[in-house]
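Please look over the sequence and the structure shown here, and then work through the briefing that follows, which is grouped by topic.

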Amino acid sequence: MAAAILALMQQQLVPAGGEASLSHGMLVVVVPPADLLGAVRRLKSEFAFDLFLDVTAVDWPKRTPRFDVVYHFYSTTHLIRVRLKTRVPEAEPIVDSLVSLYGSANFMERECHDMYGIVFRGNPDLRPILLYEGFVGHPLRKDYPKQQEQPLVPYRT
Amino acid sequence: MKRTMIPIRQANAPSAAFEYFSTKKDEFVGWARKFSLFPYPFVTACCAMEFMAVSSTPYDTDRFGAALPRFSPRQSDLLMVVGTLTHKQAPVLLRVYEQMCEPKWVMAFGACATSGGFYQNYAAVAGIDKIIPVDIYVPGCPPRPETVIDAIMKLQDRIAGSRHPIITETF
């Protein structure tokens, strides 16, 4: 089942610049950021991936497109998962928001924006969700100092 | 040669009778206060499981008068900070502490509240004593119920042995 869908995706979904593979039995599709929204729309409508599981990012400090934005979807009809990756550069870490397709993407995109500074174009509300107002930087980026604290309350002396 | 004892007293020092009654009053108030600790559990993390264990029947902190948690800081006098404190939550803890009436004591429950535990990162406060004064620290990750009972008893000893001014300068 997974192999058939992978073949179908390789045919239809993967445009120029994209690639698809199988990692530990899970479909992995890499698309350029410009094609992300279209690919997800087809995933949802044609391949019945109706459950949005997660969005997170991976920081590769030495790679030229520095960040991977990683999406996971689940299909409750085919009972399989798919992983969707897109690569964005450090200078312009912008991808399209999926809120128009999956309402549950809202909070997860806010978390990803907190932790990695990925900007989701079209997300209605990118305020901090896990961090607080006034926090400088993005703590899960590799160049954030590991022990740097930003206290809200002045410490007792 | 006969030596005469000259009492060393300052002019405005309280009399011996006053000191006697003052000390007796401290003993009495300390005895009363040490058996009426009303804890406010400021529970933030997994140490809460151990807090539930210690407040349940087998360990029975009611023997020490410290069993009934009050969920309003205005009615409580022992602040038990149970679990990791994050920077985002530190203003809340400070506010809860400031809402408590005197006399008040603070227990840092577990390794995270004591020192931050194994968290040394952007999110966690390395010990609640960076925010509020702490009277007693309970080590352990999580602490055994016996450790908590030991801490309560040590705190009771301290309450019984300390002065209890009825009117303070902050009154």
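**Briefing on the two chains**

In chain A, strand S2 and strand S5 (residues 80-88) run parallel and are joined by 4 bridges. This is a predicted model, in which local features need pLDDT of at least 70 and side-chain atom pairs count only at pLDDT 80 or more, whereas totals for chains, interfaces and linings use all residues. Residues are numbered from 1 along each chain as its sequence is written, while chains are lettered from A and ligands numbered from 1 in the order in which they are written.

**The sheet of chain A**

- Helices (H or I, at least four residues) and strands (E, at least two) are DSSP runs, numbered from the N terminus, and two strands pair if DSSP finds at least two bridges between them.
- The open sheet has 5 strands in the order S1-S2-S5-S4-S3 (chain A), with mixed pairing.
- Its edge strands, each of which pairs on one side only, are S1 (19-23) and S3 (51-59) of chain A.
- Helix H3 (residues 105-116) of chain A lies across S3 and S4 (67-75) of chain A and runs at about 10° to S3(A), where axes are lines fitted to C-alpha atoms, for helices over the stretch in contact, and angles run from 0 to 180 degrees between N-to-C directions.

**Strand S2 of chain A and its partners**

- S1(A) and S2 (residues 26-30) of chain A run antiparallel and are joined by 5 bridges, and in their hairpin, which has 2 residues between the strands, His24(A) takes a positive phi near 50°.
- Val30(A) in S2(A) stands opposite Glu19(A), and Val30(A) also stands opposite Lys85(A) in S5(A).
- A residue is buried if 20 or more other C-beta atoms lie within 10 Å of its own, exposed if 12 or fewer, and partly exposed in between, with C-beta atoms placed from the backbone.

**Nonpolar cores**

- A nonpolar core is a set of buried Ala, Val, Leu, Ile, Met, Phe, Trp, Tyr and Cys residues joined through C-beta atoms within 7 Å.
- The largest nonpolar core has 34 residues, of which Met80(B), Val81(B), Met107(B), Phe109(B) and Ile128(B) touch the most other members.
- Apart from this core lies another, of 29 residues, which include Phe49(A), Tyr71(A), Leu98(A) and Phe120(A).

**Where the chains meet**

- In all, 12 residues of chain A are in contact with 10 residues of chain B, contact meaning that the C-beta atoms of two residues, placed from the backbone, lie within 7 Å.
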